[in-house]
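Trainee: I have a model open and would like to learn how to read what is inside it. Can we go through some features in turn?

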Amino acid sequence: MFIAKRFNQKILKCLSVAFFVLTLIVYPAILKPDVPFAQSSVEMSANAQTTSNTRDIKLEIAQAPPPPASEEASEEKKDGVNFFKMAMGAVAGLVLFIYGVTKLSEGLEDLGTDRMKSLLSKWTTNRFAGVLTGAVATTLLESSSVTIIMVIAMVSAGVLTFVQSLGVVLGSNIGTAVGAQIISLNIELYVPILMFAGLLLLFVGRTGTQKNLGLILLGFGLMFYGLEAIDEAMKPFRNYQPFIDWMQTLGKNPLLGAIVGAIFTIIIQSSSATVAIVITLASSGLISLPAGIAIMLGAEVGTCADTLVATIGRGRPALRTGVFHLLFNLVSAILGILFAPLLVQLVLAISGGAGVGRQIANAQIIFNMIGVVVVIAFLPVIAQLLERLIPDAREERPLRTETVV
């Protein structure tokens, strides 16, 4: 079994390297500017025809007229958008991005899960410490879902009480916004260095810690590389009027934008990924600030899906933690939709001359911090209401219930 396991690990590593190299080879060919082969052939034929006519003017060549183009093809050429090529580039970028996020999460979990559990159990003595602990853990793990699922498991195991978990859930939203700030930085030039260093550590590292660090760096680099691929593939939409009109509709109708963000987040199972893609596209002028904020609000709700699934079979205290996460994000998103114009004005006033991508990142951290500040004062009342709404089962009633401090 040990030999088979090591053999499978080597196969997985080889496949990862092959996938990485193949991407580096194929991706530039997918996204480089159009140089249609047919057009080049026609131009070469025309040049040859001109030369032939110069040598022998009497020579006449009959050419069949080109077949009439369909309305869809002429419209696509008119708009300058190759939908198939754009879709393939976007899918390739999304695959790279999700693969990078997955590897980053795996490396972080292997490197810091035990430490995060120890941190969560020791530094959640009160709600304020819980918020800080949740923010730090989510920032380090690069995923609010991972943090909350870990908290739900610890509540189910009795390591954390339900009331201790509430502050961590609030802090996880702030940690997600910190990750968005990192995504909004212009560090694309350094991505190849991260990827090379990660690949080197992954295969040359001798200890498990070194290999996990290499996996983290490689996943981080692939994540940015995938974002850049998505951005490059979506550039034709800059001048595509239907897409511009749709973005304006999402900006004018925050509820519709939130629905789009929630659905997309449920599909890819990561609010951080949704916000990262939105920030990247906004930095290229494809998404406006109102539309980006609306999609971000929906992502806050969509991320609750996997945490609710994690509560299945975990007991009533864990279920209350998941329900609190859903209710907090849902109510916050509803208020954010209602006051979206004010949030836009606040972000514009605070961000100064920053780009739209950074403005959306600022909007997320401002929105989440306001929500935490407002709710943290009412955590004792909220805890009591949830305990009445979802009471303990008979076998759980002897357990001691603590109060929020």
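Mentor: We can start with one residue, keeping in mind that this is a predicted model. Leu170 touches Val131, Phe324, Phe328, Val372, Val375, Ile376 and Leu379, leaving aside residues up to four places away in sequence.

Trainee: Which residues have the most contacts inside the largest nonpolar core?

Mentor: In soluble globular proteins, nonpolar side chains tend to be buried together. Here the largest nonpolar core has 89 residues, and those with the most contacts inside it are Phe97, Leu170, Met223, Ile293 and Phe324. Helix α9 (residues 208-234) gives the most to this core, with eleven residues.

Trainee: Is Ile293 buried or exposed?

Mentor: A residue counts as buried when its relative accessible area is under 20%. Ile293 has 1%, so Ile293 is buried. Its place is in helix α13 (residues 289-302).

Trainee: What does Ile293 touch, not counting residues up to four places away in sequence?

Mentor: Ile293 touches Leu343, Val344 and Ala363. Also, Ile293 and Phe367 are 74 residues apart along the chain, while 9.7 Å separates their C-alpha atoms.

Trainee: Where do the buried residues of α11 fall, seen down the axis of the helix?

Mentor: First, the helix itself: α11 (residues 254-268) has 15 residues and reaches 21 Å from its first C-alpha to its last, close to the 21 Å expected at 1.5 Å a residue. Its buried residues are Pro254, Gly257, Ala258, Gly261, Ala262, Thr265 and Ile268. Down the axis of α11 they fall within an arc of 140 degrees, so they line one face of the helix.

Trainee: What follows α11?

Mentor: Gln269 does, and its phi is positive, near 60 degrees.

Note on methods:
Residues are numbered from 1 along each chain as its sequence is written. This is a predicted model: local features need pLDDT of at least 70, side-chain atom pairs count only at pLDDT 80 or more; totals for chains, interfaces and linings use all residues. Side-chain values use heavy atoms; hydrogens and water are left out. Helices (H or I, at least four residues) and strands (E, at least two) are DSSP runs, numbered from the N terminus. Buried means under 20% relative accessible area, exposed over 50%, partly exposed in between (1.4 Å probe, protein chains only). Contact means heavy atoms within 4.5 Å. A nonpolar core is a set of buried Ala, Val, Leu, Ile, Met, Phe, Trp, Tyr and Cys residues joined through side-chain atoms within 4.5 Å. The expected span of a helix is 1.5 Å times one less than its number of residues. The arc is that of the directions from the helix axis to the C-beta atoms.
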